[in-house]
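Please look through the sequence and the model below before reading on. The report that follows takes up the helices, the core and several individual residues in turn.

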Amino acid sequence: MTPFSVLDLAPIPAGTDASQAFRNTVDLAQHAERWGYQRYWLAEHHNMPGIASAATAVVIGHVAGATQ
C-alpha cells in the first residue's frame, strides 16, 4: 500500500477565527491518524489573513498534544 500524508494550512473558514481553525486542524489530524495516514504536515505561511499556520512550531505542539 502506498503511504499517504496530509498537508494542512490551518485555513480560517469565513465567519470564524483562528481558534476555530486550530480546532479544525486538531480534528483533521485525529481523523488522519485513525484513517492510517503516515504523516501530518503543517505548512507555514505568513501575512495571509485566511491562514492560521504562521507559527508552525506552536501549531505542531497543539496537534501533537491531541494525537499519538
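## Terms and basis

A residue is called buried when its relative accessible area is under 20%, exposed when it is over 50%, and partly exposed in between, using a 1.4 Å probe and protein chains only. Helices (H or I, at least four residues) and strands (E, at least two) are DSSP runs, numbered from the N terminus.

This is a predicted model, in which local features need pLDDT of at least 70 and side-chain atom pairs count only at pLDDT 80 or more, while totals for chains, interfaces and linings use all residues. Residues are numbered from 1 along each chain as its sequence is written, and side-chain values use heavy atoms, with hydrogens and water left out.

## Helix H1

The buried residues of H1 are Ala21, Thr25, Val26, Ala29 and Ala32. Viewed down the axis of H1, these buried residues fall within an arc of 140 degrees, so they line one face of the helix; the arc is that of the directions from the helix axis to the C-beta atoms. An α-helix has 3.6 residues a turn, so residues three or four places apart point the same way. The cover over the buried residues of H1 includes strand E1 (5–8), strand E2 (39–42) and H2, where contact means heavy atoms within 4.5 Å.

With 17 residues, H1 reaches 24 Å from its first C-alpha to its last, close to the 24 Å expected at 1.5 Å a residue; the expected span is 1.5 Å times one less than the number of residues in the helix. Histidine 31 lies in H1 and is partly exposed, with a relative accessible area of 22%. The C-alpha atoms of histidine 31 and leucine 7 are separated by 13 Å, and the two residues are 24 apart along the chain. After H1 comes glycine 36, whose phi is positive, near 90 degrees.

## Helix H2

In H2, the residues Thr56, Val59 and Val63 are buried. Seen down the axis of H2, its buried residues fall within an arc of 65 degrees, so they line one face of the helix, whereas Ala57 and Val58, on the other side of H2, are exposed. H1 and E2 are included in what covers the buried residues of H2.

Threonine 56 counts as buried at 13% relative accessibility, and, not counting residues up to four places away in sequence, threonine 56 touches Leu42, Ala43 and Glu44.

## The nonpolar core

The largest nonpolar core has 5 residues in all, namely Val26, Ala29, Leu42, Val59 and Val63. Helix H1 (18–34) and helix H2 (56–64) each supply at least two residues of this core. A nonpolar core is here a set of buried Ala, Val, Leu, Ile, Met, Phe, Trp, Tyr and Cys residues joined through side-chain atoms within 4.5 Å. Leaving aside neighbours within four places in sequence, valine 59 is in contact with Phe22, Thr25, Leu42, Ala52 and Ser53.

## Loop residues

Most residues other than glycine have a negative phi. Alanine 10, in the loop between E1 and H1, has a positive phi of about 55 degrees although it is not a glycine, and alanine 10 is buried, with a relative accessible area of 0%. Asparagine 47, in the loop between E2 and H2, also has a positive phi, near 55 degrees, but asparagine 47 counts as exposed at 81% relative accessibility.

Histidine 46 is found in the loop between E2 and H2 and counts as partly exposed at 48% relative accessibility. The side chains of histidine 46 and glutamate 44 are joined by a polar contact of 2.8 Å. A polar contact is a pair of N or O atoms within 3.5 Å; within protein, one must be able to donate a hydrogen and the other to accept it, and residues adjacent in sequence count only if both atoms are side-chain atoms.
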